[in-house]
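Open the model in your viewer and show it as a cartoon. The tour goes stop by stop.

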Amino acid sequence: DAGLLLDIDFNHLKSIVKTGSGPGEFEVPWDVAFTDDRIYISDLYNHRIQVFDYSLSHIQNIGAWGKELGAFNYVYGMDINNQYALFADTWNHGFQLWKFDGMSYIPRIAVKDPDLNQVLRPSRVNIIDGKVVVADYLNHCFKFFDRDALACDHRLGFLGVGPGDFQYPVGITKFENSFFCVDTRSGGITKFKNNQAS
């Protein structure tokens, strides 16, 4: 929330620089997300999400290494709000959707290879216009899933170097009626009109 950032005294910022596997220690932090009172950081090599308050005091860990629902095999990107938490379970070739029960996030469902239209190495996951949108790194596209059924209903992009093609897509956002997609291998950003997703 940009409003939260505006209240920070940038002369007195606190940082966390700890390498390890203990609480509050990281092995390759990757992504960050915010709710009203929490900061969530994906801890890539520790296969978990670390939760902090706004004073950067450690609160809890979410997940651990594993292949079952509630565990991760390298967790990359995430999207969190006060209703759900969406995590890219990257080396399990899928993602997990957790629901907020009033106290904490509870694992609801995991979509993994070979479930529901294979996802290979997702790098980012987002909710956009009510859809779960996955940056499918090794399938060279973005896949759009129905948030309730979690079935893939369309994709954006294919492998290639032409207009609208991707080599290794890693991020997507929507502004007004257009998608903006980042492709790390080609070094470019592609703009799509919303009706170009098929």
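Begin at H47, in the loop between β2 and β3. Keep in mind that this is a predicted model. Check the backbone of H47 here: phi is positive, about 60°, although the residue is not a glycine. Is H47 buried or exposed? H47 is buried, because its relative accessible area is 11% and the cut-off for buried is under 20%.

**The strands on either side**

Now select residues 39–43 and 48–52. These are strand β2 and strand β3, and they pair in the antiparallel sense over five bridges. Pick out S42 and look across. Which residue of β3 stands opposite S42? It is I49.

Four strands form an open sheet here, in the order β1-β2-β3-β4, with antiparallel pairing. The edge strands are β1 and β4, the latter at residues 58–62, and each pairs on one side only. Turn the view to look across the strands. Neighbouring strands of this sheet are turned by 25° against each other on average, with direction ignored.

**A surface stop on β1**

Select W30. This residue lies in strand β1, residues 29–34. W30 has a relative accessible area of 38%, so it counts as partly exposed. V28, W30 and Y45 form a nonpolar patch on the surface. Together they have about 290 Å² of accessible area.

Move on to β5, β6, β7 and β8. In that order they make an open sheet of four strands, with antiparallel pairing. Colour the edge strands: β5 at 75–80 and β8 at 105–112, each pairing on one side only. In this sheet, neighbouring strands are turned by 20° against each other on average, direction ignored.

Zoom in on β6 and β7. How many bridges join them? They pair in the antiparallel sense over six bridges. Find A88, then look across to β7: F95 stands opposite.

Follow the chain into the loop between β6 and β7, where H93 lies. Check phi again. For H93 the value is near 55°, which is positive in a residue other than glycine.

**Aromatic rings**

Select F87 and W98 from among the rings. Their ring centres are 5.5 Å apart and their planes stand at 85°, so the pair is edge-to-face. The pair links distant parts of the chain: F87 is in strand β6, residues 84–89, and W98 is in strand β7, residues 94–100. The two residues are 11 residues apart. Are these residues buried or exposed? F87 is buried, with a relative accessible area of 1%. W98 is buried too, with a relative accessible area of 4%.

Next, select Y40, F100 and Y105. These three form one aromatic cluster.

**Last stop: R185**

Go to the loop between β14 (178–183) and β15 (188–193), where R185 is found. Is R185 buried or exposed? R185 counts as exposed, because its relative accessibility is 52% and the cut-off for exposed is over 50%. Finish with a distance label from R185 to P169. Their C-alpha atoms are separated by 7.8 Å. Along the chain, R185 and P169 are 16 residues apart.

Methods:
Residues numbered from 1 in each chain as written. Predicted model: local features only at pLDDT ≥ 70, side-chain atom pairs only at ≥ 80, totals over all residues. Heavy atoms only, no water. Phe/Tyr/Trp six-rings, centres within 6.5 Å; stacked < 30°, edge-to-face > 60°. Buried < 20%, exposed > 50% of the residue type's maximum accessible area, 1.4 Å probe, protein only. Patch = residues over 30% accessible without salt bridge, like charges linked within 9 Å, V, L, I, M, F, W, Y side chains within 5 Å. Areas by Shrake-Rupley, 256 points an atom, 1.4 Å probe, with all protein chains shown as cover. Salt bridge = Lys/Arg side-chain N within 4 Å of Asp/Glu carboxyl O. Pairing = 2+ DSSP bridges. Axes fitted to C-alpha atoms, helices over the stretch in contact; angles between N-to-C directions.
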